[in-house]
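Please keep the sequence and the structure in view while reading.

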Amino acid sequence: QEHGKSLTADSPTATVEEQSKTVLLNGGVHAHTQDGITLTCDTLQYDDRAEMLHGKGNVVVTTPRGERLNGDTLDADINLNHVRVSGG
């Protein structure tokens, strides 16, 4: 992001789709922001056009204060400032 905040994610496999401007991470995703928010899920899709994240399967978001959100799906902005976890 322009203001310097970033999200770092890793997974066993990743696919980049140039035409749709998406990145799909599979096989167990572990991500975190510089300010200490963590995200784990089975799959995570980043939509560059909308600057949105969409996660599925065993979603867990944890804040630096220890607050946890658990569910089946995640919709969030790239900075994990606005997060919606549902299901489960």
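Where does glutamate 51 lie? Glutamate 51 is found in the loop between strand 6 (43-47) and strand 7 (52-62); strands (E, at least two residues) are DSSP runs numbered from the N terminus. The model is predicted, so that local features need pLDDT of at least 70 and side-chain atom pairs count only at pLDDT 80 or more, while totals for chains, interfaces and linings use all residues. Residues are numbered from 1 along each chain as its sequence is written, and side-chain values use heavy atoms, with hydrogens and water left out.

**Positive phi**

Most residues other than glycine have a negative phi. Glutamate 51, although not a glycine, has a positive phi of about 55°. Asparagine 58, also not a glycine, has a positive phi of about 50°, and its place is in strand 7. Glutamate 51 counts as partly exposed because its relative accessibility is 39%, whereas asparagine 58, at 54%, counts as exposed. Here buried means under 20% relative accessible area, exposed means over 50%, and partly exposed lies in between (1.4 Å probe, protein chains only).

**Salt bridges**

The whole structure holds 2 salt bridges, each defined as a side-chain nitrogen of Lys or Arg within 4 Å of a carboxyl oxygen of Asp or Glu.

| Glutamate 67 | Arginine 65 | 3.0 Å |

Glutamate 67 is partly exposed because its relative accessible area is 42%, and arginine 65 is exposed at 70%. Aspartate 75 counts as partly exposed at 23% relative accessibility, whereas arginine 84 is exposed, with 54%.

Key
Helices (H or I, at least four residues) and strands (E, at least two) are DSSP runs, numbered from the N terminus.
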